[in-house]
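Biologist: I am new to this model. Please take one part and walk me through it closely.

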Amino acid sequence: MATPATSLPDLRTEYPPHAPGRVPAERSTLLGLLPGIALLAVVGYAGKFVEHFINTYGKAHHYVLPNIEYVLWAILFGILIANTVGLPRIFRAGVATYEFWLKAGIILLGARFILGDILKLGGISLTLVFIAFAFSLTFMTWLGRTFKLGPQLTTLLAVGSSVCGVSAIIATQGAIDADEEDSSTAIAAILALGAISLFTFPLIGHALHMSDRAYGLWAGLAVDNTAEATAAGALYSDAAGKFAVLAKTCRNALIGFVVLGYAIQWARKGLASRAATKQLDNKAAFLWKKFPKFVLGFLFISLLATLGSSTNPTIAALGFTKPQLVALGNLSRWAFLLTFAGVGLRTNLKDLFKQGARPFVVGALGEIAIAAVTLLLVLGASHFYHL
Amino acid sequence: MSTPSTRISTDTWAIVLSLALALIVRIGLLKVVPW
């Protein structure tokens, strides 16, 4: 007999497979998740081990070897496993939890920010997000029309590239009644481009000698999917990874408003189904439903970090001490390690190239333009705010 | 008609686990492996 869904912790990603034809991992028990989670840990730790080994070897033999962050190794090992021997069934459910570890990592990352920093950098990020939004929505819509993609696919690509990748596409799919194939294609395009950005962004950042803050902000604003944005930041440096998450979280927080905007527009045109239109009766509930709740956890942990740094001993006693913050920061890094391994393990190179050229070209042209515009915005902002 | 989902989201699980870990660290019961 099937076990009721509520009795099992379901830590799998909520998102459907990232490319057409992929079968989602089956619902599993906690025990069933363990092999996959163990694989994430082994692959992630192998990345960390290789980074450490290369550094130690270089120092011992007086070689100047490039310092490649463990993130890249973990992703590459994951891609290698998934695309050669493949991922045996027993690991699939556990590997699909990488999105859960990403969210846990982001919440715990709150320990590395005080609220003042979040407000300042979050404010700058939000301003840049709005400008980048306006640009990418307009540009992607124009590109989609020029390349004669369907209106649903164009909308999904526009939302995916301007808001937050996969989760935004899934949220919008329901609101505009797009079919599964359009959303799979849009997700595949966004993820393929995310994978490419992992290798290009750090190179551009180093070439321009960007600061950790400026680079992190850029990665968070331009890379679409949260896992890839976090990885692209961490590939540059630990600090850049932290700022990339902050900028990306600001983008994620806006997902509800963008989806609501599209839902209203589609309902007005009479293109949405009755079920999709009915959702709009209570707009506050709609916004809350689409709001990424883990952001609240991130803010709460950051609040406790801020209280702990207070000079008033009574207030400080409510928050975390410095060693506790270090411990939470480390927990966050361990959670991200599992995420990065998952990014590699779920990347199926064959699927990424199966999606058809036009959506990919539209996505790629859009992404290049968005990356260029956000880079200019960040460089401009860093001139004024000394990022 | 679609059945309302009873599934608890990954967001909720992530918040529960993170806050539980934060609490355990706060009361000094968890020593995190250094990064």
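Modeller: Here is a close look at one pair of helices and the chain contact around it. This is a predicted model, in which local features need pLDDT of at least 70, side-chain atom pairs count only at pLDDT 80 or more, and totals for chains, interfaces and linings use all residues. Residues are numbered from 1 along each chain as its sequence is written, while chains are lettered from A and ligands numbered from 1 in the order in which they are written.

Helices are DSSP runs (H or I, at least four residues), numbered from the N terminus. H4(A) and H15(A) pack at an angle of about 30°, and their axes are 7 Å apart. Axes are lines fitted to C-alpha atoms over the stretch in contact, and angles run from 0 to 180 degrees between N-to-C directions. The two helices are therefore roughly parallel (angles under 35 degrees).

Which residues of H4(A) and H15(A) meet? From H4(A) come A:Lys103, A:Ile106, A:Ile107, A:Leu108 and A:Leu109. They meet A:Phe294, A:Gly297, A:Phe298 and A:Ile301 of H15(A). Contact means C-beta atoms, placed from the backbone, within 7 Å. This contact divides into 7 nonpolar, 1 polar and 1 charged. Ala, Val, Leu, Ile, Met, Phe, Trp, Tyr, Cys and Pro count as nonpolar, Asp, Glu, Lys and Arg as charged, and the others, Gly among them, as polar.

Now the neighbouring chain. In chain A, 25 residues are in contact with 20 residues of chain B. H4, H15 (294–308) and H17 of chain A each supply at least two residues of that side. The side of chain A that touches chain B divides into 14 nonpolar, 5 polar and 6 charged residues.

H4 (98–109) also takes part elsewhere: the buried residues of H1(A) pack against H4 and H17 (322–345), among others. Buried means 20 or more other C-beta atoms within 10 Å of a residue's own.

Key
Contact = placed C-beta atoms within 7 Å. Parallel < 35°, antiparallel > 145°, perpendicular 65-115°, else oblique.
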